[in-house]
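Here is a short tour for a first look. Please keep the sequence and the model open while reading.

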Amino acid sequence: MAPLMAAPCSDELNVRVVSRRLVKASDHPDLPHTEVFTVSNLDLIPNTYQCSLMCVYPKPPAGDFAGVVAAFEAGLPSLLNHFVMLTGRIVTNPGSGLPEVHCLNQGAELVVSEAGVPLRSLDWGLAEESMKRILLPFDEAVPLSVQLVSFACGGFSVSWSTNNLVYDGNSLTRLVRTWSELARSGAVDGVGVPSYDRSALRPRDPPSYGAAVKEMFVPYDHRHLVNVLTAEDSFLERIYYVEARDLEMLREKASTGSRRASRVQALSAYLWKALAAQVAASKRVSGADATCRMGYWVDGRFRVKSPKLQAAMRSYVGNVTPYVAGEASAEDLLRGSLADVAGMVRKAISSVDYDERIQEMVDWVEEHVRRKPGGMKVVEAASIGLGSPTISQTVWASFPLDTDFGFGHAAMAMPTWPSERLCSGNLVVTAHPGGNGSWLVTAYLWPRLVKALESDEPRIFKPLTADHLGV
């Protein structure tokens, strides 16, 4: 491990960096040291933005922060043997203008820091006052920055910070699961070895796609984005705790005698009706214009049906998250029961042929991004903020997660990333790591919808507190 110069203390983050170093894979026979890793077409859709999965731990019953640091120093090189792309560097190919990863084992980053406050002193209901105060910036070329922070109460956090170009949510939780199993047992038999094989995601010749994919994306540039002041003043970012009993209550209301709703469908139906109420109450829309959408980034690994794709996706590391959405009038949403709207959610997600949708997305990117000089950046049109108000969801609760690497399970494991000047609602749903059935939700929403959710009885969305986390 090559030590780097420690960064200066940041008053804004209230975190003092003790050490910052590079950790190399000790051995990675699967890929040569000179590998230039060309990302897949699906990796090019989310662009290159940094994201983090933050795991917060209470004071461990045995061991201390020095033991945590020692565990990462000893075990991280072995972990990186299985995730060698994370030891490379993200660069722009001068010929195509597209990003790629040079896997020369330059090293992932390991940062050790101290926060001079207890975990309970942070306002966990506000992302800007908790998670985003703990995170430290890191070089955009680095695919992985593991950030360890100790707190005055004896608790600590581990932030797995990466770039969405190389990993989606499923891949990032696989990384953490692999780390936990490797740290406890010295093997990865349960999680399995990750696959980087992109052969199943090759474009057709010629590329072919339908209207749904053709209309899905718009250029991600200044001309197509809402200006920064409008975006920042239009949304609030909150972290909520949704109790297991409230999820079951919604699930019962969203179910019928012939079909039981899932928890995702039930909570989505509740949110869609809440959004519809705010749209209907607006004085600026009426009639056909009073519509709203619910969108989902769906993990394609669980949805493909062909044996070839199922085999390729079983342990695939990369982006496989097609976007789907449903749109309805506010009047219909408010008139319908929770079960009716849950059925609309189910239809929006399940009516898509994901084998074909993934292939069409690969083909569209081949034609409009990879073959375009300079590599046009794109984003889902629904997330820009034009047309119907939209809430898009990512359900990380569907990804298996193991956060116990020898110091007990985390009290919280939640992803975070910048809003990127997008003027649509965004929810990320994660499961409580302790397995009590509750959900933790990061929400980026309009102020009027935040007010409605926080005042609506029986208060499904409760602002997250230290008591909820047990810290």
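## Terms and basis

Axes are lines fitted to C-alpha atoms, for helices over the stretch in contact, and angles run from 0 to 180 degrees between N-to-C directions. Helices (H or I, at least four residues) and strands (E, at least two) are DSSP runs, numbered from the N terminus.

This is a predicted model, where local features need pLDDT of at least 70, side-chain atom pairs count only at pLDDT 80 or more, and totals for chains, interfaces and linings use all residues. Residues are numbered from 1 along each chain as its sequence is written, and side-chain values use heavy atoms, with hydrogens and water left out.

## Overall form

The protein has 13 helices and 19 strands. Its C-alpha trace spans about 65 × 55 × 45 Å along the principal axes. The radius of gyration, taken over C-alpha atoms, is 22 Å; a compact globule of 471 residues would have one near 23 Å, so the two agree. The globule rule is 2.2 Å times the number of residues to the power 0.38.

Of the 471 residues, 57% count as buried. Buried means under 20% relative accessible area, exposed over 50%, and partly exposed in between (1.4 Å probe, protein chains only). Contact means heavy atoms within 4.5 Å. Among contacts between residues at least 6 apart in sequence, 78% join residues at least 24 apart.

## Two crossing helices

Helix α1 covers residues 65-82 and helix α3 residues 169-185. Their axes come within 10 Å and cross at roughly 115 degrees. From α1, Ala71, Phe72, Gly75, Leu76, Ser78 and Leu79 take part. They meet Leu175, Thr178, Trp179 and Leu182 of α3. By class, this contact has 7 nonpolar, 3 polar and no charged residues. Ala, Val, Leu, Ile, Met, Phe, Trp, Tyr, Cys and Pro count as nonpolar, Asp, Glu, Lys and Arg as charged, and the others, Gly among them, as polar.

Ser180 also lies in α3. Ser180 counts as buried because its relative accessibility is 1%. Leaving aside neighbours within four places in sequence, Ser180 is in contact with Asp402, Thr403, Asp404 and Phe405.

## A three-stranded sheet

An open sheet holds 3 strands in the order β3-β6-β5, with antiparallel pairing. Two strands pair if DSSP finds at least two bridges between them. β3 (35-37) and β5 (89-92) stand at the edges with a single partner strand each, so one side of each lacks a neighbour in the sheet. The twist averages 35 degrees from one strand to the next.

β3 pairs with β6 (residues 99-103) over 3 bridges. Val36 has His102 in β6 as its bridge partner.
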